[in-house]
Protein chains: 2
Amino acid sequence: MIEPPDESPSPCLCEADALPPSDQHAQQYAAVRNAHETELLEDYVELIGDLIEHQGEARSADIAQRMGVSQATVSKMVARLKGLGLVASKPYRSLFLTERGEEMAAMSRQRHAIVLRFLRALGISDDTARIDAEGMEHHVSEETLAAMQRFSQQRESS
Amino acid sequence: MIEPPDESPSPCLCEADALPPSDQHAQQYAAVRNAHETELLEDYVELIGDLIEHQGEARSADIAQRMGVSQATVSKMVARLKGLGLVASKPYRSLFLTERGEEMAAMSRQRHAIVLRFLRALGISDDTARIDAEGMEHHVSEETLAAMQRFSQQRESS
DNA sequence: CAATACAGTTAGCCTTTGCTAAGTTATTTT
DNA sequence: AAAATAACTTAGCAAAGGCTAACTGTATTG
């Protein structure tokens, strides 16, 4: 067996790019797993909110098309969202957001807008910015979000 | 039923923050789903590479601890990685990366470093930067990565 | 060298998120 | 108002990624 070269349990006394202490490391991964649990939910809720706003109503078929997913998948997801108290609907009718759903949609929309604007301010092309924003939006902390906002503002007012 | 207010199939002639055309919208979500498929794989491979480099070897127990996950989960994942030709190992012994695994680890490490450096250059605190980098790293396009690199360089040389 | 402790694996379970195929309800068209 | 089309739901399947519990191998140490 190879002896680990002086593996101390405390912070780290080795090179600059060493591994973080393992409990901190684990926390990072936990944060990502956690984000994954809510992000799809948020995407659905955000999309439903957007559809209602822009097209007057949110129908499963539209959601399926925009998400690039089968209608059956949407049905199942909507059942879950109803169970979580985010969406309300009657069978075979279009969808509505509950108050909690509205809140979540508003938050998501805002995050999304901030990240998208930031990427554009960074000089990213429109198509790429859209794709990256969709992926990044759920992994950006409040702190980073604030920094992005500051940056965009500064860039745009020059 | 509510009549959708002039829903044309072509690009969009409505307000500034309207929904993107649905095929483009679907592509965004597809990109995210796609990233999700590979990102865990990349995290494992990156971590295995880091452990080998910094501690001389990569053991399941270390991985489990650092990922904040049970050993059984690691075993299963390693089996998958072996099936994909990214990892090599003999039962009950420590893990190695194949050539393809090394390549993937190098790419991941580089992406990770660029994003982390960028967040720091933006003024984000260390702990937050680490967490956000872990989440964002898999959702950043080449184009954005390049922009981040440019930005960090510029910031640091002033 | 036997006993114990530690590391790794296997089996079996659960949830999420996707799918297809088949059935049901609503809407539109004739 | 009947038939046809479109929208929605349900049932059943699969893969990924978690878990615990039970088992098997490896290493340490008395």
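Colleague: What rotation superposes chain B on chain A?
Modeller: A rotation of 180° does so, with 0.0 Å of shift along its axis and an RMSD of 0.0 Å.

Colleague: Which C-alpha of chain B is nearest the axis?
Modeller: That of B:Met136, which is 2.7 Å from the axis.

Colleague: Before going on, what should I know about the model and its numbering?
Modeller: This is a predicted model, in which local features need pLDDT of at least 70 and side-chain atom pairs count only at pLDDT 80 or more, while totals for chains, interfaces and linings use all residues; side-chain values use heavy atoms, with hydrogens and water left out. Residues are numbered from 1 along each chain as its sequence is written, and chains are lettered from A and ligands numbered from 1 in the order in which they are written.

Colleague: How many residues of each chain are in contact?
Modeller: In chain B, 58 residues are in contact with 58 residues of chain A, where contact means heavy atoms within 4.5 Å. Of the interface residues of chain B, 100% are also interface residues in chain A, so the copies meet through the same surface.

Colleague: And what area is buried between them?
Modeller: About 5,300 Å² is buried between chain B and chain A, and carbon and sulfur atoms give 57% of it. Buried area is the accessible area (1.4 Å probe) that two parts lose on being put together, summed over both. B:Leu19, B:Tyr29 and B:Arg66 supply 14% of the area that chain B buries against chain A, more than any other three residues.

Colleague: How many salt bridges and polar contacts are there between the chains?
Modeller: Between chain B and chain A there are 0 salt bridges, a salt bridge being a side-chain nitrogen of Lys or Arg within 4 Å of a carboxyl oxygen of Asp or Glu. There are 21 residue pairs in polar contact, both residues at pLDDT 80 or more. A polar contact is a pair of N or O atoms within 3.5 Å; within protein, one must be able to donate a hydrogen and the other to accept it, and residues adjacent in sequence count only if both atoms are side-chain atoms.

Colleague: Which helix gives the most to that side of chain B?
Modeller: α1(B) gives the most, with 17 residues. Helices (H or I, at least four residues) and strands (E, at least two) are DSSP runs, numbered from the N terminus.

Colleague: Changing topic, what is the secondary structure of chain A?
Modeller: Chain A has 6 helices and 2 strands, and from the N terminus on its elements run α-α-α-β-β-α-α-α. Of its 158 residues, 46% count as buried. Buried means under 20% relative accessible area, exposed over 50%, and partly exposed in between (1.4 Å probe, protein chains only).

Colleague: Back to chain B: which residues of α5(B) are buried?
Modeller: They are B:Thr128, B:Ala129, B:Asp132, B:Ala133, B:Glu134, B:Gly135 and B:Met136. Their cover includes α1 (22-55), α5 (126-136) and α6 (142-156) of chain A, together with α1, α4 and α6 of chain B.

Colleague: Is B:Ser108 buried or exposed?
Modeller: B:Ser108 is buried, at 1% relative accessibility, and lies in helix α4 of chain B. Not counting residues up to four places away in sequence, B:Ser108 touches B:Glu42, B:Glu46 and B:Glu137.

Colleague: How many salt bridges are there over all chains?
Modeller: There are 14 in the whole structure. One of them joins A:Arg111 and A:Glu142, with the closest N and O atoms 3.3 Å apart. The pair links distant parts of the chain, 31 residues apart, with A:Arg111 in helix α4 (residues 99-121) and A:Glu142 in helix α6 of chain A. A:Arg111 is buried, with a relative accessible area of 16%, whereas A:Glu142 is exposed at 55% relative accessibility.

Colleague: What about B:Asp126 and B:Arg130?
Modeller: They form a salt bridge, with the closest N and O atoms 3.2 Å apart. B:Asp126 and B:Arg130 are 4 residues apart in helix α5 of chain B, so about one helical turn separates them. B:Asp126 is partly exposed, at 37% relative accessibility.

Note on methods: Least-squares fit on C-alpha atoms with pLDDT ≥ 70 in both.
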